Amino acid sequence: MTPRWMRFAPSLFGLLSLAAWEAAVRLAGVPVYILPGPLAIIGAFVADPLGLLGSLASTLIVTVTALVTSATLGVTLALAMSASRLARAAILPWAVVLQVTPIVAIAPLVIIWVGDPFASLVVCATIVAFFPVFANTAAGLASAPAELNDLFRLYGASRRDTLFLLRLPAALPYFLAGLRISGGLALVGAVVAEFVAGSGGFASGLAYRILESGYRLEVPRMFAALVLLSLTGIAINAALGALDGAILRRRGDTHNDKEHAP
Amino acid sequence: MLSINSVGRRFPDGTVALRDASLRLEGGDFIVLLGPSGCGKSTLLRLISGLDRPNSGSLDWDGGRAPAAGEVGFVFQDATLLPWATAEDNVFLPLRLRGVSRQSALPDVHAALERVGLAGFETSRPRQLSGGMRMRVSIARALVTRPRLLLMDEPFAALDEFTRHRLQTDLIALWRSIGCTIVFVTHSIYEAAFLARRVVLMTPRPGRIAREIASKLVAGPETRLEPAYAALVADITHAMERALGHGELDPA
């Protein structure tokens with residue numbers, strides 16, 4: 001078993017690193033517009049907390065909307081693919097095209113075509129977040145062993161029964177794992193889209209704050225926005241991890257139950 | 001119950017899995033299909049279950065009617081349980097698929113679990129059960145619809161020897177009390193000799209039925225120590241070697 005103090009090791013290491021960073025910046029006299037120390041970054045946040053938190057909320061709304069959209073789209077298309085080989089042949093190549101096309105390259109087009117700023121950000125983030133949840137769900141729907149499919153056939157199960165009693169439950173852990181990856185990617189997609197859109201003169205998300213602060217050489221504020229983005233990514237990952245754990249535990253899928261003797 | 005007449009099965013890749021196989025199943029029989037890998041025994045089982053269709057020959061059910069869903073039970077080599085469902089829900093599955101409500105199915109589900117010695121494990125999930133217990137749940141699931149015919153495809157092959165012996169003894173007791181027909185696939189001569197009323201020897205490339213050996217052994221916990229069992233094992237071994245063309249190894 002891990003000793004209790006080991007749990008504090010990451011925080012302790014982080015604090016020591018921050019202290020070393022602050023000391024190095026001060027001792028070497030590095031100007032804040034090159035590399036601000038942690039205290040300057042905290043100062044920049046304290047100077048305008050509402051502005052930065054408002055931008056965080058804006059980015060978060062885009063991220064969550066994109067995640068919900070990509071999950072809905074991913075599950076729907078994965079279901080269509082599992083139901084029909086024709087649908088599979090038609091959908092799969094386009095899903096791969098969507099995955100391999102760099103979002104930075106198509107974001108300007110999306111912004112021009114969609115027009116509405118919020119909708120275009122959501123579309124970009126959805127494109128980035130879509131593939132993991134889609135591919136995982138498709139793999140999960142096909143993951144039930146052949147013998148179980150045979151068993152359902154043998155007992156005359158309808159397609160609906162096979163879907164609801166076998167394929168969807170088998171796909172659940174795959175979907176949740178995909179959703180967790182897509183959660184992180186939705187944030188990345190939202191930020192990339194904001195960068196592109198921001199340079200076009202609208203939007204107010206955290207990425208736009210980073211750009212804006214960069215132009216004004218307000219480097220501590222830039223770092224403050226960056227820290228908020230990282231914390232948001234960690235929070236999204238932790239939240240989806242907790243959701244994953246709670247759902248699978250409720251279903252009895254956890255692996256730490258006591259095994260019975262043979 | 002069923003006449004299998006000159007049945008053949010060729011897979012799309014050209015492999016002849018089974019050629020010209022004929023067999024008669026009677027009600028209450030315990031038939032063991034015995035042979036090495038690739039002799040078509042699992043294919044024959046799938047043809048009987050209706051999961052696969054022959055390319056030639058026919059399966060003629062007495063009365064001219066193929067069994068309805070639930071009249072044939074199938075036990076696979078793996079327990080093939082739904083990992084997220086309890087033992088009770090796994091056994092309930094075949095009844096649920098036939099539209100039986102949970103309320104009216106529960107007495108049958110509990111009776112089936114009790115038959116296989118798993119009373120008290122209704123709420124356990126497969127992961128919490130040993131390999132032998134999982135196989136018992138699988139057998140209970142096959143029995144819950146009260147099938148006329150029970151098909152078993154090497155169900156004990158993945159289990160340790162002690163568990164296998166116990167399950168074999170329990171299966172014989174179950175078969176005697178239920179009285180359904182069992183077709184059991186194995187590649188173990190010892191298992192075949194212990195279980196079967198009739199051992200059907202099969203040989204590979206292409207899969208075919210070589211011969212049948214009848215057994216009068218009354219299997220019980222002490223059977224494996226009896227000379228009659230050893231003699232039957234020897235008979236089957238010699239017949240199998242002759243069928244496989246290993247005559248030179250035969251001391252007779």
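# A guided look at chains A and B

Visitor: Where should I look to find A:Ala66?

Guide: Look at chain A, where helix H3, residues 49–83, holds A:Ala66. Please keep in mind as we go that this is a predicted model.

Visitor: How do you know whether A:Ala66 is buried or exposed?

Guide: We count neighbours, and a residue is called buried if 20 or more other C-beta atoms lie within 10 Å of its own. A:Ala66 has 28 C-beta neighbours inside 10 Å, so A:Ala66 counts as buried.

Visitor: Which residues does A:Ala66 touch, beyond those up to four places away in sequence?

Guide: A:Ala66 touches A:Val122, A:Ala125, A:Thr126, A:Ala129, A:Ala186, A:Gly189 and A:Ala190. As for A:Leu39, it is 27 residues from A:Ala66 in sequence, and the two C-alpha atoms are 34 Å apart in space.

Visitor: Is A:Leu217 buried or exposed, and what makes you say that?

Guide: The exposed label needs 12 or fewer such neighbours. A:Leu217 has 11 C-beta neighbours inside 10 Å, and therefore counts as exposed. You can find A:Leu217 in the loop between helix H9 (206–215) and helix H10 (219–251) of chain A.

Visitor: What is the phi of A:Leu217?

Guide: Phi of A:Leu217 is near 60°, a positive value in a residue other than glycine.

Visitor: Let us move to the place where the chains meet. How many residues of chain A are in contact with chain B?

Guide: On the chain A side there are 20, in contact with 20 residues of chain B. Helix H7 (146–154) and helix H8 (159–199) of chain A each supply at least two residues of that chain A side. H7(A) gives the most, with six residues. By kind, the chain A side divides into nine nonpolar, three polar and eight charged residues.

Visitor: Why can chain B be said to agree with a compact globule?

Guide: For 252 residues, a compact globule would have a radius of gyration near 18 Å, and chain B has 18 Å, so the two agree. The C-alpha trace of chain B spans about 60 × 45 × 35 Å along its principal axes. Buried residues make up 41% of the 252 residues in chain B. The secondary structure of chain B comes to seven helices and nine strands.

Visitor: In what order do the six strands of the open sheet in chain B stand?

Guide: The order is S5-S6-S7-S3-S8-S9, with mixed pairing.

Visitor: Why are S5 and S9 of chain B said to stand at the edges?

Guide: Strand S5 (72–75) and S9 of chain B each have a single partner strand, so one side of each is left without a neighbour in the sheet. On average, neighbouring strands of this sheet are turned by 15° against each other, direction ignored. Helix H7 of chain B, residues 227–243, packs on the sheet and touches S8 and S9 of chain B. The direction of H7(B) makes about 160° with that of S9(B).

Visitor: What makes strand S8 and strand S9 of chain B a pair?

Guide: At least two bridges are needed for two strands to pair. Six bridges join S8 (residues 198–203) to S9 (residues 208–214) in chain B, and the two run antiparallel.

Visitor: Which peptide bond between B:Arg205 and B:Pro206 do you find, cis or trans?

Guide: The bond is cis, with omega of about -10°. Both B:Arg205 and B:Pro206 are in the loop between S8 and S9 of chain B. B:Arg205 also has a positive phi of about 50° although it is not a glycine.

Visitor: Why is B:Arg205 called exposed?

Guide: Here the count meets the cut-off of 12 or fewer. B:Arg205 has 12 other C-beta atoms within 10 Å, so B:Arg205 is exposed.

Visitor: Which residues have the most contacts inside the largest nonpolar core?

Guide: They are B:Val32, B:Leu33 and B:Ala140, in a core of 81 residues. Helix H4 (residues 131–143) of chain B gives the largest share of this core, seven residues. Leaving aside neighbours within four places in sequence, B:Val32 is in contact with residues including B:Phe184, B:Leu195 and B:Val199. A second, separate core has 52 residues, among them A:Leu52, A:Val110, A:Ile210 and A:Leu228.

Conventions:
Residues are numbered from 1 along each chain as its sequence is written. Chains are lettered from A and ligands numbered from 1 in the order in which they are written. This is a predicted model: local features need pLDDT of at least 70, side-chain atom pairs count only at pLDDT 80 or more; totals for chains, interfaces and linings use all residues. Helices (H or I, at least four residues) and strands (E, at least two) are DSSP runs, numbered from the N terminus. The radius of gyration is taken over C-alpha atoms; the globule rule is 2.2 Å times the number of residues to the power 0.38. Two residues are in contact if their C-beta atoms, placed from the backbone, lie within 7 Å. Ala, Val, Leu, Ile, Met, Phe, Trp, Tyr, Cys and Pro count as nonpolar, Asp, Glu, Lys and Arg as charged, and the others, Gly among them, as polar. Axes are lines fitted to C-alpha atoms, for helices over the stretch in contact, and angles run from 0 to 180 degrees between N-to-C directions. A nonpolar core is a set of buried Ala, Val, Leu, Ile, Met, Phe, Trp, Tyr and Cys residues joined through C-beta atoms within 7 Å.
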